[in-house]
Amino acid sequence: MFADLLHWSVIIPWFLGMAFGIFVGATPGLTATMAVALVVSLTFYIPDPNTSLAMILGVSFTAIFAGDIPATYLRIPGTPASAAATLDSHELAKQGKGRQTLYLNLLCSSTGGLISVLMLILVAPQLARWALRFSNYEYFWLAILGLSMSAFVSLGSTSKGLLAAALGLLLATIGIDIVSGSARFTFGTPDLMDGISFIPVMIGLFGLSEVLRNLRNPSAFAATSTIVESPAKIGQVLRAMWKYKLTILKSSGLGTLVGALPGAGADIAAWASYGVAQRTSKNPEKFGKGATEGVVAPTSANNAAVGGAWIPALVFGIPGDAVTAIVLGAMLMYDIKPGPLIFENTPEKVRSIFLIALITQFLLLPAGWLGIRLFGLILKLPRHVVLTVVVVFSVLGAYAIRNSLFDVWLMIGFGLLGYYLETQKVPLAPLILGLILGPMVEENLRTGLIKSSGSWVPFLTRPICVTLIAILALAAFAPVVMRKVFGPSKPAT
Amino acid sequence: MPNEPDEQAGKSFPAFLFVTGLVALFFAWQIRPSSLGQNADPGPRVFPMALALFLVGGGLFELIKWTRQPRVQHHGPKLRVGERVRLLFPVILLPLGLAIYLFMVPLVGFLAATFLLAMVMIGWLGRSWWKAAFYAFCLVAAVYLLFVRVFKVPLPGGSLFG
């Protein structure tokens, strides 16, 4: 299997996918989620599922790292996950240490990703054994917990997060009801009988809406760098990694745990580890002014979060973030069904995913190095051309799934919806999760009620259900209690 | 980016929730379950109706929250209506352009329509129509090679050309 993955027919598309991830991640205004959404539709035409998975995983890890490049040179994070490292990276770049800082970022990203993948390999199979005890009642509460957590941890108002989740759940009801066979919200349209196609929605929400935001903010067109660079000293990079080895380990662990929370993506992981690193640092006053620790912590955590998001995704089919949500949708097309039984029924596919994720962390090094060297070329590309390319590939990506122009209309509609919701400061991650988890919530609820002859007692008394409800109550009410005791901390919208 | 007061964020969201919830409730009410006998299944319309009611209730909650939030003193020049429209113009124009593009695709074919879309967008944003034509041609050539030749995706040919 290892030899199969290193065949040129896999390695070349893998590396091309990573190059695409570098390009998108390093371009301010384009996001890692957009990169994955666009690449997924391209991979449908690759017959080998390993190659497709390699491209998708490659894009997701590299795009997160690549956001550090414009953050360092331009003080503009390429992706939200790089925002936490921006201040310190840019200050170091102003001291002529830009390339050196980026090499440090690259090594930390690769290390963080490696640690999270190792945790995935160790934890996921054990969690899957425990998950085999889950029945409809437990899956119902697990999906509710996942949705609620995405609202509680997303930046901004919790109520807006919950409403976004409800909107996603409502959208998921479109189509033929799987239990009774009734048509719901189809308006007689055959294209809606199967429900809303997931990939055009993703491309619209994350691709087209980003383009609309960029069009609204023309100042984003004029990104230039005036940094004067000193030669990078690799010895100093390695010494810094050794000096901050504990910070890297802590941040990678924290990033993995945060990434495993549904709705909490790489950006939250990066900020959380930045905050922890500052509080535990011997020189907290240096953070924000060019502290190497302020770079090491978030860059380890953001890539670790990508691996962490796979833990609930593989074991329960509940994605940890929007990127993993898209990948899960793609996996279903390759007949890879996430859930605890994936480890029993298709262990070879699980081994493929683990191996691909591991090898990607090593391939990230040459891909990232190339991205750092070629960033100047990326900056020279006219921005209006880049945006047009994104629009054209968004249209093609939406069309190519079912060869249907209806999906392109869907993409445009959701692009407008995504743009509107972001202007209203409504987080999109809960909406995506609602769309994905909607069938899990409704089917398990109704099947559970059928099994219990309409009684809610099993939902409220089974031990795992009680545990999940307790976690939900704690997540919901703990911030309220903390705010009353310690004062407000979450920014209001 | 010109200043806009933060209170504008969230102003129309309650109305959006009301309208969406009420429309969903109306159509959910019309869902007809097939009769398979009594089996404790709540039916296909209960879940969407519950969600629609949640959205309507959420709209009320957001409206009350918005009316009760303190009004922030706005610093700097406020945007006039004309300036707001000017800023929103590209946001309205792109979806409109895409809609026209989708009507053109069945007539002139995917590649020709995409060339026109790319040329108009690059020319409008970049202000040089010769460069726009060049970039659009390169883009369409890349699309043809990748999607038609490599991936064998059947792109629409267009009824005007048979």
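In this predicted model, A:Arg446 pairs with B:Asp41 in a salt bridge whose closest N and O atoms lie 2.8 Å apart. The count of salt bridges between chain A and chain B is 1.

The wider interface gives this pair its setting. In total, 61 residues of chain A are in contact with 66 residues of chain B. Together the two chains bury about 5,600 Å² between them, and 80% of that area is on carbon and sulfur atoms. On the chain A side, A:Leu163, A:Leu215 and A:Arg216 supply 12% of the area buried against chain B, more than any other three residues.

A pair of helices, one from each chain, is also worth a look. Two packed helices are described by the angle between their axes and the distance between those axes. Helix H18 of chain A, residues 383-402, packs against helix H4 of chain B, residues 110-126, at an angle of about 150°, and the axes are 9 Å apart. Angles over 145 degrees count as roughly antiparallel, and H18(A) and H4(B) are therefore roughly antiparallel to each other. The crossing of H18(A) past H4(B) is right-handed.

From H18(A), the contact is made by A:His384, A:Val385, A:Leu387, A:Thr388, A:Val391, A:Val392, A:Val395, A:Leu396 and A:Tyr399. Facing them in this contact, H4(B) contributes B:Phe110, B:Thr114, B:Leu117, B:Ala118, B:Met121, B:Ile122, B:Leu125 and B:Gly126.

Technical notes
Residues are numbered from 1 along each chain as its sequence is written. Chains are lettered from A and ligands numbered from 1 in the order in which they are written. This is a predicted model: local features need pLDDT of at least 70, side-chain atom pairs count only at pLDDT 80 or more; totals for chains, interfaces and linings use all residues. Side-chain values use heavy atoms; hydrogens and water are left out. Axes are lines fitted to C-alpha atoms, for helices over the stretch in contact, and angles run from 0 to 180 degrees between N-to-C directions. Helices (H or I, at least four residues) and strands (E, at least two) are DSSP runs, numbered from the N terminus. Angles under 35 degrees count as roughly parallel, over 145 as roughly antiparallel, 65 to 115 as roughly perpendicular and the rest as oblique. A crossing is left-handed if the near helix is turned anticlockwise from the far one by less than a right angle, and right-handed if clockwise. Contact means heavy atoms within 4.5 Å. Buried area is the accessible area (1.4 Å probe) that two parts lose on being put together, summed over both. A salt bridge is a side-chain nitrogen of Lys or Arg within 4 Å of a carboxyl oxygen of Asp or Glu.
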